[in-house]
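Here's a quick tour of one protein model, told through a helix, a loop and some rings. Have a look at the picture before reading on.

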Amino acid sequence: MFNIRRSLRAKLLLASVIIEALMLALLVSNSVRLIEHHLSEQLDARIQAVELAYKTAVAVPLASRDYATLRDILDGWRKASDITYLAVTDPDGRILASSGWPPGDALPLVNRSEGQIRHVRFPVDYLGQVYGHIHYGMSTAFMDKASAELLWQSGLIALAEIVLSLVLLSIIGYLLTRHLVTLAGASINVANGHYEERMAISGEDEVAVLAQNFNTMTDAVKSRIAD
């Protein structure tokens, strides 16, 4: 294991991993936020489409007080869509027909979300006159499922990327600092009187220049001691 306080390689590796983790966290959180915003827009568009279709379909039965037909329509809608409940009320709020809603229970507040249900209400008018309202609950389970799947997949990808970065950075750190470790050992040998110590020089980078300077310094020390 690296000694974080003493190893330059470990410090560079730790700093790189922290930066990588922070950047990935920002990327994942921003992706989840964008997806949730897109899903919310889809839900709003779905609600508008439901309002347009449902208002047209129940206007005539509601105006003619054909509640049996009204219940059949509501049952068909609830079975064929992601609607959790439906209820039609008169202008005074009395329930005339419902599907999936317990009889006698008060309808929930509209335009709000509870759990995985968005409660919605809109008026039903015919020839300029309002005959009542449609109340329904739109399931938002698909939004929660999509967000959870995205978060899970993004987390796995981020974890895999961090592990891969650790491996690559460890290799790069070793290649960059191995000469420094050798130089540190050679310096100790020179300090103990082994003036024949030499650093192998390869390349023209900063490490090669450092090795050349070390060899020059060692020769100068050996020469002065000989004199």
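This is a predicted model: local features need pLDDT of at least 70, side-chain atom pairs count only at pLDDT 80 or more; totals for chains, interfaces and linings use all residues.

**Helix α2**
- Helix α2 covers residues 67–79, which makes 13 residues.
- From first C-alpha to last, α2 reaches 18 Å, close to the 18 Å expected at 1.5 Å a residue.
- Which residues of α2 are buried? They are L70, I73, L74 and W77.
- Looking down the axis of α2, you'd see these buried residues within an arc of 100°, so they line one face of the helix.

- R65 sits in the loop between α1 (8–63) and α2.
- Most residues other than glycine have a negative phi.
- R65 isn't a glycine, yet its phi is positive, at about 60°.
- R65 is also exposed, with a relative accessible area of 65%.

**Aromatic rings**
- The structure holds 4 aromatic pairs.
- One of them is F122 with Y136, an edge-to-face pair with 6.1 Å centre to centre and 70° between the planes.
- F122 lies in strand β4 (residues 117–126) and Y136 in strand β5 (residues 129–139), so this pair ties together parts that are 14 residues apart in sequence.
- Buried or exposed? F122 counts as buried at 2% relative accessibility, and Y136 counts as buried at 0%.

Technical notes: Residues are numbered from 1 along each chain as its sequence is written. Side-chain values use heavy atoms; hydrogens and water are left out. Helices (H or I, at least four residues) and strands (E, at least two) are DSSP runs, numbered from the N terminus. The expected span of a helix is 1.5 Å times one less than its number of residues. Buried means under 20% relative accessible area, exposed over 50%, partly exposed in between (1.4 Å probe, protein chains only). The arc is that of the directions from the helix axis to the C-beta atoms. Rings of Phe, Tyr and Trp (its six-membered ring) pair if their centres lie within 6.5 Å; planes under 30 degrees apart count as stacked, over 60 as edge-to-face and the rest as tilted.
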